[in-house]
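This report describes the fold, the confidence and selected contacts of one protein chain. The sequence and the structure are shown first.

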Amino acid sequence: MCQYLNQIKSALTEFYRKDRVLLDSKRKAHEQTVSFRLAHYLAEQLEGEYSGLFVDCEYHGDKNNPNFRKEIEVNGQSERIRPDIIYHNRDKINKFCIEVKLGSPRKDILKVKTFIQAYGYLEGYCLCNISQTRCTLICFTTHNKQAVHKYIWDGERLLEKTKANDRSANKRN
């Protein structure tokens, strides 16, 4: 269902290995910093593998139309938007976008769904509720399907959290 899930999970793993300190509760970095680092790890995987496509941050234009800016309607008003991370050809081919939110993704879910419907993204992701030990990744597709993946960082790798994990953790406590 989510074609790029493995690449995003791999980039998240690198982020947790190398940059988890950015999530320190005393001096937590801004979500744009987290977005950039995640985009960096995605670019390492995707740009060499798929020629002509790029990973960009905060990109909202069209290389063939310099006056074009992506907009969505929120509460009856037009609002310019920029996806936090985008995988595309900098023209009209939009593979996926990611909205990064350290906390709850309320408004970002609407943005991602709009990116898919209005701008032809094949997939959209909300990376949210990010801490030093866990995060949630919500995947949306063009078929109005949604999948929620919750991950736990165990100090070495990113593990998908399941109800079985929750029960065994509760038994230990």
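## Confidence and overall fold

The model is predicted, and its pLDDT averages 84 over the chain, with 84% of the residues scoring at least 70. Over residues 164-173 the pLDDT stays under 50, and the model has two contacts beyond four places in sequence for this stretch.

The chain contains four helices and nine strands. Read from the N terminus, the order of the elements is α-α-β-β-β-β-β-α-β-β-β-β-α. Of the 173 residues in the chain, 43% are buried. Of the contacts between residues at least 6 apart in sequence, 56% join residues at least 24 apart. The chain exposes about 9800 Å², of which carbon and sulfur atoms supply 44%.

## Helix H1

Helix H1 covers residues 5-19; its 15 residues should span 21 Å at 1.5 Å a residue, and the end C-alpha atoms are 20 Å apart, which agrees. Buried residues in H1 include Leu5, Ile8, Leu12, Phe15 and Tyr16, and also the polar residues Gln7, Thr13 and Asp19. Within H1, Arg17 and Glu14 lie three residues apart, about one turn of the helix. Glu14, Arg17 and Lys18 are linked in a network of salt bridges.

## Salt bridges

Side chains of opposite charge can pair when their charged atoms come close. The structure holds 10 salt bridges, among them the three tabulated here.

| Salt bridge | Closest N and O atoms |
|---|---|
| Arg17 and Glu14 | 3.0 Å |
| Asp56 and Arg90 | 2.8 Å |
| Asp154 and Arg157 | 3.6 Å |

Asp56 forms its salt bridge with Arg90. Asp56 lies in strand S1 (residues 54-57) and Arg90 in the loop between strand S4 (85-88) and S5, so the pair ties together parts that are 34 residues apart in sequence. Asp56 is buried, with a relative accessible area of 13%, whereas Arg90 is partly exposed at 28%. In the pair of Asp154 and Arg157, Asp154 is partly exposed, with a relative accessible area of 36%, and Arg157 is partly exposed at 42%.

## The surroundings of Lys101

Lys101 is located in the loop between strand S5 (94-100) and helix H3 (106-119). Its relative accessibility is 28%, so Lys101 counts as partly exposed. Beyond four places in sequence, Lys101 touches Glu31, Asp108, Leu127, Cys128, Asn129 and Ile130. Lys101 and Ile130 are 29 residues apart in sequence, yet their C-alpha atoms are 7.3 Å apart in space.

Conventions. Residues are numbered from 1 along each chain as its sequence is written. This is a predicted model: local features need pLDDT of at least 70, side-chain atom pairs count only at pLDDT 80 or more; totals for chains, interfaces and linings use all residues. Side-chain values use heavy atoms; hydrogens and water are left out. Helices (H or I, at least four residues) and strands (E, at least two) are DSSP runs, numbered from the N terminus. Buried means under 20% relative accessible area, exposed over 50%, partly exposed in between (1.4 Å probe, protein chains only). Contact means heavy atoms within 4.5 Å. Accessible areas come from the Shrake-Rupley method with a 1.4 Å probe; for residues, only the protein chains shown count as cover. The expected span of a helix is 1.5 Å times one less than its number of residues. pLDDT is the predictor's confidence in each residue, from 0 to 100. A salt bridge is a side-chain nitrogen of Lys or Arg within 4 Å of a carboxyl oxygen of Asp or Glu.
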